[in-house]
Amino acid sequence: MIPKTSALCALIVMGALACVSAAPAKPQTVHPGDVWPDDKGNHIQAHGGGILKQGKTYYWFGEYRAQDNEPSLRYVGCYSSQDLVHWKFHAPALKMAAPENLGERWVLERPKVFYNAKTKLYVMYFHLDSSDYSLARVGIATSKHVDRDYTYLKSFRPLGQISRDIGQFVDDDGSAYLIFEDRPNGFHIAKLSDDYLNVEKEVCLIPMHMEGGAVVHYQGLYYAIGSALTGWNPNPNKYATATSLSGPWSEFKDIAPPEVNTYGSQSTMMLKVVGSKSTTVIFMGDIWKPKTQWDSRYLWMPLEIGDGKLTLPAPKVWTLDIKTGEALVGG
Ligand code: DGJ
């Protein structure tokens, strides 16, 4: 016979286990345009960002524009997640002073991180500029660690051209590309050197004046998205397709009804999530608030994509099953 106290303990333990097993899983729900809290409850600071996947972990890098930043420094935020919904804050991966006497109002925008398997270095590219945006270069910082200790290496104009907004693209075969906007000439897709520390080869120059560039390879076709040049104000972002990155690219068409101006956002990346049942391509956009940049929001939505067509649906709450790759809008 079980003594009374042990029986009571057993009941308590069973009750606790029941509570554990009954605890609801965290909802995998994305709320486009809302404050997006990290694991500390603070709005995520990863604006103009990009995603790097390492193993099963996604790292989101972007402009860290917290209100209490030291005004002369620039910060790159780093967050990690297993499900693309719940994000753990890591201390800013890069925190730096103006590298080239650029003055207090210097610009570091749209950081993107690549992992170079040969050198085992994480290579961060960003748009480096003066306050009047006349420098128009890319900056590079590297680290041995994905989430910290990036140190500034150098800046240059890729392929000798002006470069402002940048985007990143890693193809299914692992080749890494920088997308950059060169105002006189257009929208470049350029291959990185073997060590990723240089931009080596023009793959395509699309003679379109577009920034916020993003590319995805989906079901045998490349899709490129870009935004018009309207500063922080939203505009109708457009897409084109090609069977090869080097083109020829189709004509650019609107990704959403033009009057909604990309639902107030601007493209920064397209993220392909390949699951056991389905592949979802997520449009990652920024809803900029130029006067209160720390409060700028994110518009992430699963794209309707395939057979050469791409549509950004109206923003709604949606859920993502990271294992199956299925996205459910309105779920
Ligand atoms: C538009 C760009 O797309 C943004 O990333 C930012 O550079 C603003 N211009 C600055 O005006």
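**Notes on the model**

1. The shell around the ligand is made up of 4 charged, 2 polar and 2 nonpolar residues (Ala, Val, Leu, Ile, Met, Phe, Trp, Tyr, Cys and Pro count as nonpolar, Asp, Glu, Lys and Arg as charged, and the others, Gly among them, as polar). Its members are Glu109, Arg110, Tyr133, Asp165, Glu211, Gly231, Trp232 and Gln266, where a residue is near the ligand if one of its heavy atoms lies within 4 Å of it.

2. This is a predicted model, in which local features need pLDDT of at least 70 and side-chain atom pairs pLDDT 80 or more, while totals for chains, interfaces and linings use all residues. Residues are numbered from 1 along each chain as its sequence is written, and side-chain values use heavy atoms, without hydrogens and water.

3. Oxygen atoms of the ligand lie 2.8 Å from a polar side-chain atom of Arg110, 3.1 Å from a side-chain N or O atom of Glu211 and 3.4 Å from a polar side-chain atom of Trp232. On its own the ligand has 280 Å² of accessible area, and the protein covers 89% of this (Shrake-Rupley method, 1.4 Å probe).

4. Ser227 belongs to strand E15 (strands are DSSP runs of at least two residues, numbered from the N terminus). Ser227 counts as buried because its relative accessibility is 0% (buried means under 20% relative accessible area, with a 1.4 Å probe and protein chains only). Its side chain makes a polar contact of 3.2 Å with that of Asn235 (a pair of N or O atoms within 3.5 Å; within protein, one must be able to donate a hydrogen and the other to accept it, and residues adjacent in sequence count only if both atoms are side-chain atoms). Beyond four places in sequence, the contacts of Ser227 include Glu211 and Gln266 (heavy atoms within 4.5 Å).

5. Tyr298, in strand E20, is also buried, at 2% relative accessibility. A polar atom of its side chain lies 2.5 Å from the backbone oxygen of Ile44, and a 3.1 Å polar contact joins the side chains of Tyr298 and His47.

6. The largest nonpolar core has 43 residues, of which Ile51, Trp60, Leu84, Trp87, Ile282, Trp300 and Leu310 touch the most other members (a core is a set of buried Ala, Val, Leu, Ile, Met, Phe, Trp, Tyr and Cys residues joined through side-chain atoms within 4.5 Å). Strands supplying at least two residues each include E15 and E20; E19 gives the largest share, 5 residues. Another core, of 19 residues, lies apart from it and includes Ala93 and Leu128.

Notes. Buried < 20%, exposed > 50% of the residue type's maximum accessible area, 1.4 Å probe, protein only. Helix = DSSP H or I, 4+ residues; strand = E, 2+ residues; numbered from the N terminus.
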